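The sequence and the model are shown first.

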Amino acid sequence: MNMNTQPASKSFGKPELALMLVTVFWGATFLIVQLAVTVSEPFFFVGLRFGCATLAIAACSLGALKGLTRQELWAGLLIGICIFLGYSSQTVGLQTIPSSKSAFITALYVPLVPLLQWVFLKRKPSVMNWAGVLLAFIGLALLAGPEGTRGGVGWGEMITAFGALAIAVEIILISRFAGKINLFRVTVVQLAVTSLVSFGVSAGVGEAVPDFSWLLFSCVLLLGVASAVIQVTMNWAQKHVSATRATLIYAGEPVWAGIIGRLYGERLPALALVGAVLIVLAVIISEIRLKWLGKEKEQLKREP
């Protein structure tokens, strides 16, 4: 099945604007998570964050799970596991790398989407998709610092890159199920699954329950509500926006995170900034060129 089954609107409408606002909120979450993991273990915090998000969604749609279908349960389970892998990896990585660096590495999910489409949907990447992937991984090496240019990317960078892979799978799954499922029911399921799996892993690895602090409470509440809004918005908007256009809009996320991190006082070295620019270029080249190639193929088909 082709994942781009949504109507391909050429105009910039409310769904695109909604996804742009998501990137701003998403960019700000990196710094908030980095502050939160100074007072909480990572998996336990992810459990709290998405538990709060689940309650926020459920409160806005009482009785949302009535009529839950097997397909919706399956979709919520798969997407929830991907969210857990993506956000927990990102949270663990933020213990050792700056929030701005984490955001740019996480942006690797964009050029990874065409590769995963190839694996799961049998859609062969274009030459420019491959160029985007190459640029992205060169950018990752530079962003990792001197040890990255010698081939020794650190643990924080590696676990964050794994999280980017999980987020790429999440985006494909959302697009695959879009239009076939009830938005609120699946969102509640996927957020609940993320929270439960996180708490289970937290207990399994022996994380300690943190003492109450207003910093932790504020971060959980803010990110819980933000996570709920982000997931609902993504699920709704990707019914009307193709995965290609959505991922192109998501390219703004690390830029916002970098701006917010810099305002907070983070300063990436010059080499890391070059790597960050390469990752953003990889996102743009991979997605815009893919769109152009699609138009060129359409024109060739119409020619006698």
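## A buried loop residue

In this predicted model, Ala107 has a relative accessibility of 3%, and because residues under 20% are classed as buried, Ala107 counts as buried. Ala107 sits in the loop between α4 (99-106) and α5 (109-121).

Leaving aside residues up to four places away in sequence, Ala107 touches Pro254, Ile279 and Val283. The C-alpha atom of Ala107 is also separated by 9.7 Å from that of Val255, although the two residues lie 148 residues apart along the chain.

## The pairing of α5 and α8

Two packed helices are described by the angle between their axes and the distance between the axes. For α5 and helix α8 (residues 155-177), the axes come within 9 Å and cross at roughly 60 degrees; the two helices are therefore oblique to each other, and their crossing is right-handed.

On the α5 side the contact involves Tyr109, Leu112, Val113, Leu116, Gln117 and Leu121, which meet Ala164, Leu165, Ile167, Ala168, Val169, Ile171, Ile172 and Arg176 in α8. By residue class, this contact of α5 with α8 comprises 12 nonpolar, 1 polar and 1 charged.

## Nonpolar cores

The largest nonpolar core holds 55 residues, of which Leu19, Trp26, Leu108, Tyr109, Leu143, Met234 and Tyr250 touch the most other members. Helix α8 gives the most to this core, with 8 residues. A second, separate core of 11 residues includes Val33, Phe45, Leu94 and Val220.

Tyr250, again without counting residues up to four places away in sequence, touches Leu19, Thr23, Trp26, Tyr109, Ile171, Met234 and Gln238.

How values were computed:
Residues numbered from 1 in each chain as written. Predicted model: local features only at pLDDT ≥ 70, side-chain atom pairs only at ≥ 80, totals over all residues. Heavy atoms only, no water. Helix = DSSP H or I, 4+ residues; strand = E, 2+ residues; numbered from the N terminus. Buried < 20%, exposed > 50% of the residue type's maximum accessible area, 1.4 Å probe, protein only. Contact = heavy atoms within 4.5 Å. Axes fitted to C-alpha atoms, helices over the stretch in contact; angles between N-to-C directions. Parallel < 35°, antiparallel > 145°, perpendicular 65-115°, else oblique. Left-handed = near helix turned anticlockwise from the far one by under 90°. Nonpolar A, V, L, I, M, F, W, Y, C, P; charged D, E, K, R; others polar. Core = buried A, V, L, I, M, F, W, Y, C linked by side-chain atoms within 4.5 Å.
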